[in-house]
Amino acid sequence: MDKKIFWEKILKQLSEDIPRPSLMTWFQNTCILSIKDNILTIGLPRDIFTPWHQQNSRKKIEKIAQGLGEEILKIEFIVDGTLENEGDSRVSDILNLFPSQKPKSRKLPKIAEVKIAGGILSRQLNNKFQLSNFVTGPGNRLAHAASESVAKSPGKKYNPLFIYGGVGLGKTHLLQSIGNEIIRTHPNYLVAFVSSENFMAEFIENIRHQKIDKFREKWRRADALIVDDIQFLVGKTRTEEFFFHLFNDLFDSEKQIVVSSDRPPSELQGMEKRLISRFSMGMIADLQFPELETRIAILQQKSQEMGVILNMKIMEFIAENIHHSVRELEGILTQIVAKIDLEGEIPTQKSVTEIIKNVNKDLRIESNHIETVNNSIKTMNDVVDKVSKYYSVTKEEILGSNRSREFLVPRQVAMWFCKKKLSQPYQKIGSFFGGRDHTSVMNSIKRVEMLKKTDAEFWRNVNKLRKDLGF
Ligand code: ADP
Ligand code: MG
């Protein structure tokens, strides 16, 4: 059978199983390259497509191909960039094969009040946050798996569950989805979801009206207590103390407790030791900024939720130019959707660049048109300046002593540039970077050398910076 016709037959069947936006994303400019020795070789236009296909389409394609009477024992994917050339006769016109239906409404789901018996406490849950629409990758898989486990058997397995990570990396999303999932699987459970800020406000209100016993009783009824952003309680001694006792009561009666924070328990300086040690009794999972592939998958998920289809090139472009949080990623997407809605404009690299620049003015856009070579980097100060801008941290944070990853990585990268590009002695680098000794500088540089070999995403960033620094 003609390879192209065969591929289109496969695509038709796949379309019954794979939603249209995914199909449009991952099957653009694809084709069958060969069918030989029972191996069906599929051509993909970009590297970035391969992991998705390995995971989501390989088995399906194999089954469909066999169903169509071909003796296929293996599916292989080969990346061939020329497939993106306009008018390549090997590829099928996917837009033509699957013409769009009426555009879907793009309303975001409303906040639904989850009503359960006496369930006043469950009102804070928003059902747009689900475990199933949380996209996983290496940097958040553990936290997601732990959340699933907790939602499945609250109070039984990981108790408490402590999730931490920087701003906009999905803490609230995960905590909300745990709440939603518990209510779904345990309809009689009372789930209490609260931000620690609101918790404190309510606490103070109740003290004022001398209703503290009632307040305590209310929270004690919870079968699961979910508290977002616990770091807010640091130094709020009385609320902390109240929370500590509530924690113990619930824990002793095997109720599930889930807590999120912007840092690990050990770094909650100023919080009572006994509370920190409670947090460390169960499971601690962190959320990291997702690597490129996961960022693209998130964009894809979100655009699907918003009912728009974005071209893969644009998605890749957005994902490459966001360096800090998933929230930023979503912000860009929302603006693009608004632009499409208001102006009927199809996003181009240029218009997306404008949007990204508006969202984050300091952001350096990776684009051939805008890139400028900079030869003015002469001192360690210049290096730190550039590196801090690139990673959106301050100079003080780079030179300071906070060892959380968001500062540590830029600090190590900056030291590495000072050594490799400015050939400064270790000692001098050390004293410039807040008076560190030379072994600490050596270790940082070794670490960068190691990451260079093991972490492609990290290296991609350093390389971009290298260009920016004019080296
Ligand atoms: P945090 O509470 O850590 O500051 P949020 O949970 O509010 O972050 O996440 C910010 C936005 O990013 C939310 O809209 C959330 O749905 C989205 N988000 C974050 N991580 C993911 C992910 N892995 N998959 C899907 N959406 C995500
Ligand atoms: Mg949050």
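In what order do the 5 strands of the open sheet lie, and is their pairing parallel or mixed? The order is 5-6-7-4-8, and the pairing is parallel. Strands, like helices, are DSSP runs numbered from the N terminus (H or I and at least four residues for helices, E and at least two for strands), and two strands pair if DSSP finds at least two bridges between them. This is a predicted model, in which local features need pLDDT of at least 70 and side-chain atom pairs count only at pLDDT 80 or more, while totals for chains, interfaces and linings use all residues. Residues are numbered from 1 along each chain as its sequence is written, chains are lettered from A and ligands numbered from 1 in the order in which they are written, and side-chain values use heavy atoms, without hydrogens and water.

In this sheet, strand 5 (191-195) and strand 8 (283-287) are the edge strands, each pairing on one side only. Within the parallel sheet, 4 bridges join strand 6 (residues 224-228) to strand 7 (residues 256-261), and I257 is the bridge partner of L225. Helix 6 (residues 141-152) lies across strand 4 (161-165), strand 7 and strand 8, at about 135 degrees to strand 8. Such angles run from 0 to 180 degrees between N-to-C directions, with axes fitted to C-alpha atoms, for helices over the stretch in contact; contact means heavy atoms within 4.5 Å.

The other open sheet has 3 strands in the order 1-2-3 with mixed pairing. Strand 2 (residues 39-44) and strand 3 run parallel, joined by 6 bridges, and L44 stands opposite V79 of strand 3. Helix 3 (residues 49-56) lies across both strand 2 and strand 3, at about 170 degrees to strand 3.

Ligand 1 has 18 residues around it, with V135, G168, H173, R327 and E330 coming nearest; a residue counts as near if one of its heavy atoms lies within 4 Å. The shell divides into 7 nonpolar, 7 polar and 4 charged residues. Helix 7 (171-185), helix 12 (292-306) and helix 14 (326-343) each supply at least two of its residues. Among the polar contacts (pairs of N or O atoms within 3.5 Å), a backbone N or O atom of V135 lies 2.8 Å from a nitrogen atom of the ligand, and a polar side-chain atom of K302 lies 2.9 Å from an oxygen atom of ligand 1. The protein covers 93% of the 550 Å² of accessible area (Shrake-Rupley method, 1.4 Å probe) that ligand 1 has on its own.

Definitions and conventions. Polar contact = N/O pair within 3.5 Å; in protein donor to acceptor, adjacent residues only side chain to side chain. Nonpolar A, V, L, I, M, F, W, Y, C, P; charged D, E, K, R; others polar.
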